[in-house]
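User: I am new to reading protein models, and I would like to learn how to go from the overall picture to the details. Could you guide me through one?

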Amino acid sequence: RVHGTTRLMSLTQASLLHRCASALGQEHDVIVVNNKVHGETDFYRRVWESATVRVCADCTMASAFGVLDASAPDVVVGDMDSTDADERARLQSLGIAVVHVAEQDTTDLEKALAWLHGRTPGAQTPIVVMSPFGGARLDHELAAMHALLRCSSVRPTLFVSHTNIACVLFAGSHVLECDDALEDTVCALVPMFGRVDHVTTKGLKWDLAGHAMAFGELISTSNQRTAAAVHVTTSGPLLWISSLRTDVARSL
């Protein structure tokens with residue numbers, strides 16, 4: 001925190017994404033969920049290869065790394081309902097740890113996040129969760145947002161697809177330092193986790209000035225940045241979404 005302001009550039013903006021993709025910068029762990037990569041193999045591979053710890057949520061995605069021609073995951077975590085004993089044995093023969101968590105109160109993503117948290121309690125190494133969000137299962141998308149809120153209170157966490165990045169802004173003041181070379185100007189602030197009584201922004205086309213935000217009242221989607229730095233002060237958790245420039249994402 002700098003003078004009460006959380007500067008999120010190294011955690012939540014495309015600068016982190018670029019460094020992950022270039023394997024040059026900030027240390028991070030990575031989780032992959034969903035076995036559909038929509039052809040963006042180079043994008044995912046670069047972020048994946050630069051990670052310190054590579055985790056797959058369940059075995060389905062682990063099987064896809066032959067297609068990606070990428071390094072094998074270090075561990076696969078989940079309830080293993082999408083694979084059989086032979087497949088698990090095959091992964092273990094390749095040196096991939098398989099962690100079977102049978103309980104059904106959490107998703108495979110939450111199980112993978114819990115495994116990372118338990119591996120190094122108290123660590124603040126950012127977690128990058130890669131998934132082609134916006135798929136066919138709306139319930140999966142909502143579950144992912146639920147997991148993002150829960151895990152972001154423990155470790156800095158960034159959700160990344162080939163079109164968007166997303167993170168939670170908790171109560172307080174934030175400066176989001178964006179990179180026009182990597183990000184589009186389209187963005188959103190969404191009260192995904194419940195009503196937020198006071199939100200003030202600076203640097204958006206449609207700024208908020210102490211507004212209350214809630215589903216059924218006011219949300220801020222399809223907004224646009226008008227500055228490289230967006231200032232957000234919020235009384236409760238908000239979901240920040242920033243669009244990546246398509247040409248950049250495809251070339252990373």
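Analyst: Let us begin with the elements of the chain, keeping in mind that this is a predicted model. The chain has nine helices and 15 strands, and of its 252 residues, 48% count as buried.

User: How many strands does the open sheet have, and in what order do they lie?

Analyst: The general idea comes before the case: strands of a sheet pair through backbone hydrogen bonds, either parallel or antiparallel. Here an open sheet is built from 10 strands in the order 5-4-3-2-6-7-8-15-10-13, and the pairing is mixed. Strand 5 (97–100) and strand 13 (220–224) are the edge strands, each of them pairing on one side only. From one strand to the next, the twist averages 20°.

User: In which sense do strand 10 and strand 13 pair?

Analyst: Strand 10 and strand 13 pair in the antiparallel sense, over three bridges, and if you look for Cys187, you will find that its bridge partner in strand 13 is Asn223.

User: Which strands does helix 7 lie across?

Analyst: Helix 7 lies across strand 2 (29–32), strand 3, strand 4, strand 5, strand 6 and strand 7 (157–160), and it runs at about 125° to strand 4.

User: Which residues touch the most other members of the largest nonpolar core?

Analyst: In that core of 24 residues, they are Ile31, Val55, Leu109, Leu113, Val129 and Phe159. Several elements supply at least two residues each to this core, including strand 3 (54–57), helix 7 (108–119) and strand 10 (183–190), while helix 8 gives the most, with five residues.

User: How many disulfides does the structure hold, and is Cys178 buried or exposed?

Analyst: The structure holds zero disulfides. A disulfide needs two cysteine sulfur atoms within 2.5 Å, whereas the cysteine sulfur nearest to Cys178, that of Cys187, is 7.4 Å away. Cys178 counts as buried because its relative accessible area is 11%, which is under the 20% cut-off. Cys151 is buried as well, with a relative accessible area of 3%.

Definitions and conventions:
Residues are numbered from 1 along each chain as its sequence is written. This is a predicted model: local features need pLDDT of at least 70, side-chain atom pairs count only at pLDDT 80 or more; totals for chains, interfaces and linings use all residues. Side-chain values use heavy atoms; hydrogens and water are left out. A nonpolar core is a set of buried Ala, Val, Leu, Ile, Met, Phe, Trp, Tyr and Cys residues joined through side-chain atoms within 4.5 Å. Buried means under 20% relative accessible area, exposed over 50%, partly exposed in between (1.4 Å probe, protein chains only). Helices (H or I, at least four residues) and strands (E, at least two) are DSSP runs, numbered from the N terminus. Two strands pair if DSSP finds at least two bridges between them. Axes are lines fitted to C-alpha atoms, for helices over the stretch in contact, and angles run from 0 to 180 degrees between N-to-C directions. Contact means heavy atoms within 4.5 Å.
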